[in-house]
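Please look through the sequence and the 3D structure shown here. The paragraphs after it go through the structure part by part.

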Amino acid sequence: MARDTTDQTPLSSVQELTDYLAAGNKPREKFRIGTEHEKFAFFRADNSPVPYFGEASISALLQGLQKKSGWDPITDGDNIIGLGEPKGMGAISIEPGGQFELSGAPLETIHETCKESNTHLATLREIAEPMGIRFLGIGGSPKWTLAETPAMPKSRYEIMTRYMPKVGAKGLDMMYRTCTIQVNLDFSSEADMRKKMRVSMKLQSLATALFASSPFTEGKLNGLLSWRGDIWRDTDNNRSGLLDFTFRDDFGFHSYVEWALDVPMYFVVRDGHYHDCTHVTFRQFMNGALKGEIAAWEPTMGDWTNHLSTLFPDVRLKRFLEMRGADGGPWRRICGLPAFWVGLLYDDAALEDADMLTKDWTFEEVNALRDAVPAQGLRAKFRGHELYETAREVIAVSKAGLRARNKLNREGQDETIFLAPLDEVMAKKATLAEDLLALYHGRWNGSVEPVFEEYQY
């Protein structure tokens, strides 16, 4: 998230929190696709990470992009930490370790998403090239230790950095050493949200397997295909992972609110200052827990929207649904991930097929799959078969959904072409992580250094 909101509308009831989510309902013709992707910034000369301060730095990149794009600077104190498109159509932000993120505009087609990513990367290269900076598109930092990874001067990250080691073993790795591709998708009603949440929550581990691209850590093999997927198994289980209540037929906006209320907060923002609130849940905050601690202790709608942005389930509910399971990857995968999910969720017949395919999957089964996928990828066993078999079925459903959507709405705009990276995975029976491992054991001669040259943007 690029910008923490300061909406001062006072909150007085839990119903207002539920109503906030329900306001995301929109008619089908207004459904959009919002794609986000992160990448690691590095110096081409020695594959070292790019610091925040300096002539060749993250801050210099942001300042250069601001001058070129005209987007509004987003600051934290005296530091530029992101850019916002003036009409709210997209943002650029930095993750804790300097990972550079584009949060794309809400667009109608995958073609537009691909064009947006192309334009962003081309502009970024123009600014970065004179500084000797390039960008790496995979899911996990392949070389740098935590100590070598720079920290960005962003107040919410300072609070998270102190808090993460208290609630999990791998939270700092998540913050500083992973990258993802995500897609944000809409719903038309509570029932539509329920079905999309149920399907996507069950299939998120399949996306992790299909997009696995993080087999290296600190210059060595880590024994995993998706190190990023494994990190999320022990980051902060109060606020991440699978949500069992989303599997139930009575799941709705209120269920999510009730869960979110009992998750510890990270912060509230008052007069530009971030107050550490990790010692209270949002429900306690609503009940006056911060009275006497901070001057303006009453909860606001801005506090709620900020809190929602600090929850990390595999599928996150805001006024849209965020698919959060995939590793970062090369450019074609920035287009492939939204194509996969749009095909499954934006066509009624495809969504129904996906729902029927996964309908009797239990929380315990899906959670076991989530545990197995980081190491085993598509070779993980599910109901007696390798996950490859399920992947084949699901990709076929997605492809059919894209064909139906294109035929109905956008004759001649074939979005199925963006599933090509997944077709290649299925044809080779090898994920990108396994391709990287083959290179490591082959012509890379046991070194991760070539990944910076061969998988850069």
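Which residues does G336 touch, not counting residues up to four places away in sequence? G336 touches F211, F418 and L419. Keep in mind that this is a predicted model. G336 is found in helix 11. With a relative accessibility of 2%, G336 counts as buried, because buried means under 20% relative accessible area. A residue in another part of the chain gives a sense of scale: I92 is 244 residues from G336 along the chain, and the C-alpha atoms of the two are separated by 21 Å.

Helix 11 covers residues 331–345, and helix 6 covers residues 190–210. The axes of these two helices come within 11 Å and cross at roughly 150 degrees. The crossing of helix 6 with helix 11 is right-handed. On the side of helix 6, the residues that meet helix 11 are K196, V199, S200, L203, Q204, L206, A207 and L210. Their counterparts in helix 11 are R333, F340, W341, L344 and L345. Sorted by type, the residues of this contact are nine nonpolar, two polar and two charged. The spacing of such residues can be read with a general rule in mind. An α-helix has 3.6 residues a turn, so residues three or four places apart point the same way.

The rule is also of use for helix 15, which spans residues 420–428. Its buried residues are P421, L422, V425 and M426. Seen down the axis of helix 15, these buried residues fall within an arc of 140 degrees, so they line one face of the helix. Just after helix 15 comes K429, which takes a positive phi of about 55 degrees.

Next come the strands. Strand 16 is made of residues 321–327, and seven of its seven residues are buried, so the strand is largely enclosed by the rest of the structure. Which way does strand 8 run relative to strand 16, parallel or antiparallel? Strand 8, residues 180–185, runs antiparallel to strand 16, and five bridges join the two. In this pairing, I181 stands opposite A326. Strand 15, residues 315–317, is also joined to strand 16, by three bridges, and this pair is antiparallel too. Here L317 has L321 of strand 16 as its bridge partner. Strands 15 and 16 form a hairpin, with three residues between them.

Another hairpin is formed by strand 3 and strand 4, with two residues between them. Strand 3 consists of residues 72–76 and strand 4 of residues 79–84, and they pair in the antiparallel sense over five bridges. One of the pairs is T75 with I80, the latter in strand 4. In the turn, G77 has a positive phi of about 65 degrees.

A positive phi is also found in residues other than glycine. One of them is D271, with a phi near 55 degrees. D271 is in the loop between strand 12 (267–270) and strand 13 (273–276). Is D271 buried or exposed? D271 is exposed, with a relative accessible area of 86%. R383, which is not a glycine, likewise has a positive phi of about 55 degrees. R383 is found in the loop between strand 17 (381–382) and strand 18 (385–386). With a relative accessible area of 40%, R383 is partly exposed.

Two further residues complete the walk. T217 lies in strand 9, which is made of residues 216–217. T217 is buried, with a relative accessible area of 14%. Leaving aside neighbours within four places in sequence, T217 is in contact with S141, P142, R177, N222 and W227.

M131 is in the loop between helix 3 (110–128) and strand 7 (133–136). What is M131 in contact with, leaving aside its neighbours within four places in sequence? The contacts of M131 are F43, E55, A56, S57, A60 and L61.

Conventions. Residues are numbered from 1 along each chain as its sequence is written. This is a predicted model: local features need pLDDT of at least 70, side-chain atom pairs count only at pLDDT 80 or more; totals for chains, interfaces and linings use all residues. Side-chain values use heavy atoms; hydrogens and water are left out. Buried means under 20% relative accessible area, exposed over 50%, partly exposed in between (1.4 Å probe, protein chains only). Helices (H or I, at least four residues) and strands (E, at least two) are DSSP runs, numbered from the N terminus. Two strands pair if DSSP finds at least two bridges between them. Axes are lines fitted to C-alpha atoms, for helices over the stretch in contact, and angles run from 0 to 180 degrees between N-to-C directions. A crossing is left-handed if the near helix is turned anticlockwise from the far one by less than a right angle, and right-handed if clockwise. Contact means heavy atoms within 4.5 Å. Ala, Val, Leu, Ile, Met, Phe, Trp, Tyr, Cys and Pro count as nonpolar, Asp, Glu, Lys and Arg as charged, and the others, Gly among them, as polar. The arc is that of the directions from the helix axis to the C-beta atoms.
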